[in-house]
Amino acid sequence: MDLPIFYNEAEEWSKALLLYDAALKEINTKLEILNNEFKITHQYNPIEHITSRIKSPQSIAKKLRHNEKELTVENIVKYVNDVAGIRIICSFTSDIYRIADLITKQNDIKVLKIKDYITCPKPNGYTSYHMIVSVPVFLSDRTIDTKVEIQIRTIAMDFWASLEHKIYYKFEGNAPEHIRKELKECSDIVAYLDQKMLSINEEIKSYSKDRIEGYHEELTQ
Ligand code: 0O2
């Protein structure tokens with residue numbers, strides 16, 4: 001990734017990128033291990049999929065401008081919490097808190113900030129669970145705690161956020177009132193859908209193996 005503004009800080013920026021990339025790899029590996037363990041011990045997969053990204057130079061510059069900070073590597077590292085970002089898509093809302101808890105319990109991860117937009121959705125209807133964490137990256141001569149933003153949400157929340165993001169950019173943040181209202185209504189439907197899916201799943205889990213076998217027998221009679 002190039003940030004052409006930084007001619008005199010190019011090396012410093014390359015080092016920062018190396019750290020962000022390493023931090024993403026570490027968190028991704030941790031999540032993969034947790035998910036694999038879950039599959040074996042609970043025959044269940046709480047994570048649908050994971051994506052990760054390094055924030056675009058334009059987006060970094062925009063965020064610093066918004067915070068009225070000069071565009072320097074030092075300011076990026078200090079003030080932009082989501083240069084390295086991971087998005088975890090779960091099946092059910094309960095999985096979100098389970099995953100967040102498992103991340104928090106990892107000894108080498110420090111949780112720096114939490115924003116629970118599920119308990120407190122944004123006024124536009126955005127829901128997601130955000131964690132800013134730091135993870136130690138071991139270099140040849142030192143260890144550097146590096147920040148990563150982790151967003152955890154359900155498939156339905158992600159569907160809403162992806163479309164809202166596109167609409168937001170299309171209207172440059174000034175979507176007509178009726179579109180905003182309809183998006184908010186869709187977010188209420190998403191919340192209802194997640195709740196419904198969760199209760200169906202709870203009911204399925206309450207079926208004992210014997211009950212399911214009995215049900216199969218009834219069908220075949
Ligand atoms: P992009 O393109 O994803 O990089 P802080 O981290 O506390 O310094 P910030 O950045 O306001 O402050 O944190 P917050 O509220 O946790 O939001 C960070 C990210 O969450 C955003 O990154 C989006 O990815 C997502 N997000 C937040 N609010 C919304 C929303 O209303 N709609 C959608 N679709 N996504 C949202 P960026 O930098 O905006 O963008």
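1. Over residues 52-175 the chain is 36% helix and 31% strand, with the end C-alpha atoms 28 Å apart. This is a predicted model, and the stretch in question, residues 52-175, is where UniProt, in an unreviewed entry, places the feature "domain: RelA/SpoT".

2. Helix α1, which covers residues 10-42, has 33 residues and reaches 47 Å from its first C-alpha to its last, close to the 48 Å expected at 1.5 Å a residue. The helix is followed by Gln 43, whose phi is positive, near 50°.

3. The buried residues of α1 are Ala 16, Tyr 20, Ala 23, Leu 24 and Ile 27. An α-helix has 3.6 residues a turn, so residues three or four places apart point the same way. The partners against which the buried residues of α1 pack are the strands β1 (47-54), β2 (84-90), β4 (129-138) and β5 (143-154), together with helix α3 (73-79).

4. Five strands form an open sheet of mixed pairing, and their order is β1-β2-β5-β4-β3. Because β1 and β3 (110-116) stand at the edges, each with a single partner strand, one side of each is left without a neighbour in the sheet. From one strand to the next, the twist averages 25°.

5. At the β1 end of this order, β1 and β2 pair in the antiparallel sense over seven bridges, and Ile 50 has Ile 88, in β2, as its bridge partner.

6. Helix α5, made up of residues 155-170, lies across β1, β2 and β5, and runs at about 95° to β5. Both β1 and β2 also belong to the elements against which the buried residues of α1 pack, as does β5.

How values were computed
Residues numbered from 1 in each chain as written. Predicted model: local features only at pLDDT ≥ 70, side-chain atom pairs only at ≥ 80, totals over all residues. UniProt positions renumbered as here; feature names shortened; annotations may be inferred. Helix = DSSP H or I, 4+ residues; strand = E, 2+ residues; numbered from the N terminus. Expected span 1.5 Å × (residues − 1). Buried ≥ 20, exposed ≤ 12 C-beta atoms within 10 Å, placed from the backbone. Contact = placed C-beta atoms within 7 Å. Pairing = 2+ DSSP bridges. Axes fitted to C-alpha atoms, helices over the stretch in contact; angles between N-to-C directions.
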